[in-house]
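Open the model in your viewer and keep the selection tool at hand. The tour goes stop by stop.

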Amino acid sequence: MRDSLGLTLPDGPYRLLNARVPAAVAARLGPADAQGFVRCDIPVAEGRIRGAVGASTVDLQGAIVLPGFVDCHTHLDKGHIWGRTPNPDGSFMGALDAVRGDRTERWTGEDVAARMDFALRAAYARGTVAIRSHIDTGDHRSESSWAAIAAARERWDGRIAIQPSALTVLDEVETPAYSAIADLVARHSGILGAVTYPMDDLPSRLDRFFDLAGERGLEADFHADETLDPASNTLAQIAEAVLRTGFDKPVLCGHCCALAMLPEAEAERTMDLVARAGLSIVSLPMCNIYLQDRAAGRTPRLRGITLVHELAARGVKVAFASDNTRDPFYAYGDLDMLEVVREATRIAHLDHPVGDWPAAFSRVPAAIMGLEAGLVAEGAPADLVILPGAHGWTELLARPHVDRMVLRAGRSIDTTLPDYRELDPLMAPAAQMETT
């Protein structure tokens, strides 16, 4: 098959010659060069990375090859509503209010399903192989949103692995209503998640949360400390609750912006707790930089990114992800993990040296999600992203690489993106929708 780049992939087994793969995601393929790349050949047969007798060859001439991306923190149910419900001031509270209004007026099962599918088609064309999506959960609309992502999960099986995670508040964790939420999540083989913020009885609420999750064999996923207020350190309380309860399923905490604002000693203590409790952390730099430290007429001073270097140095699994896309929490984004790589590298200084950070967009989130993905290794799926115009990190990150070639099971896929005009029928004002 010939793609627009002029590369021809044979129908049978083949070998990609002269590929450059980041050492952090290249298992035992060879020694790394000064930029952290392994120069190697990649054999492909029967959809996996493995050799075969009589394989044809394709010379990549030093092009960079990445494993398929893993995006472990998104919001497919909110995505692409900006056109009908923008954030009036770009603030966090403005986003909350806007989404609440849109959800109340517009979130039918059909609406959520259509926007999810649009987002997934974009992610697939960019090379993403797995996504975890938070689903707003807690009222009568929850069933239709979970039905929509269940249908998407089935429809996209074999192309994108989808993990749904409930996004809840802990206000009713002691009530039968919250137990019903946990049951809903269990029926859908999902993940139990919650937003945490300072409250006097948070330890007891977390204990109950972990009891409910543990009884159902559910993993946990938190939105923690999405603020620059140093008085917010629920991350430490989550870690303490895991240690106290003995909860033994994976726990992922996202955002954790306030960690960077804590006094040094408290930050060190918190990160030590995170490491002891075995928590994983996902940073969402694009959305956090958009929302945090925003005030009208004032230049932002702070980045809102958590302490990724210090956490990784303690052996904590640290990943980066897309978060929101074209909704009131983030006006931009399109589930392009290569954009996340580019922006996270600049925002969080994931360079000089690059080191293991390339794994934070593939191998590490795959491990967090318990998936076979994110590695260029013997026997791994041949799910690859080829960037023919890039031979080093500055070339890789200097351009958006709309010319990338995406392989799934060793076959080149169509990387045409969905047209935003497809969403036009969903963008009409609510009042107009009521009269049509």
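How much space lies in the largest cavity? About 30 Å³. This is a predicted model, in which local features need pLDDT of at least 70, side-chain atom pairs count only at pLDDT 80 or more, and totals for chains, interfaces and linings use all residues. Residues are numbered from 1 along each chain as its sequence is written, and side-chain values use heavy atoms, with hydrogens and water left out.

**Stop 1: the cavity**

Select M286, S322, N324, T325, G333, D334, L335, D336, E339 and V340: they line the largest cavity. A cavity is a set of points on a 1 Å grid over the protein atoms alone where a 1.4 Å probe fits but cannot get out; lining residues have an atom within 4 Å of a point. Grid points are joined across faces, edges and corners, and a volume is the space filled by probe spheres set on the points. The count comes to one cavity of 30 Å³ or more.

**Stop 2: the largest pocket**

Now look for an open space. A pocket is an open set of points with protein on both sides within 12 Å along at least five of seven lines. The largest pocket has a volume of about 920 Å³. It is lined by 34 residues, and L96, R100, L167, V169 and V195 are the closest to its centre. Color α1, β8, α4 and β9 (192-196): these elements each give two or more residues to the lining. Helices (H or I, at least four residues) and strands (E, at least two) are DSSP runs, numbered from the N terminus. The largest share of the lining, seven residues, comes from α1.

**Stop 3: helix α3**

Select residues 142-155. This is α3, with 14 residues. Which residues of α3 are buried? They are S142, S145, W146, A148, I149 and A152. They sit on the same side of α3, because they cover an arc of only 155 degrees around the axis. The arc is that of the directions from the helix axis to the C-beta atoms. Buried means under 20% relative accessible area, exposed over 50%, and partly exposed in between (1.4 Å probe, protein chains only). The buried residues of α3 pack against α1 (92-106), α2 (109-126), β7 (128-136), β8 (161-169) and α4 (176-187).

**Stop 4: H255**

Go to strand β11 (residues 251-255), where H255 is placed. H255 is buried, at 1% relative accessibility. Its side chain makes a polar contact of 3.1 Å with that of N288. Such a contact is a pair of N or O atoms within 3.5 Å; within protein, one must be able to donate a hydrogen and the other to accept it, and residues adjacent in sequence count only if both atoms are side-chain atoms. Leaving aside neighbours within four places in sequence, H255 is in contact (heavy atoms within 4.5 Å) with residues including H73, H223, E226 and D323.

**Stop 5: loops**

Select Q61, in the loop between β4 (56-59) and β5 (64-67). Q61 has a positive phi of about 55 degrees although it is not a glycine. Is Q61 buried or exposed? Q61 is exposed, with a relative accessible area of 59%.

Finish at P353, in the loop between α10 (337-348) and α11 (363-369). A cis peptide bond joins H352 and P353, with omega about 5 degrees.

Definitions and conventions:
Expected span 1.5 Å × (residues − 1).
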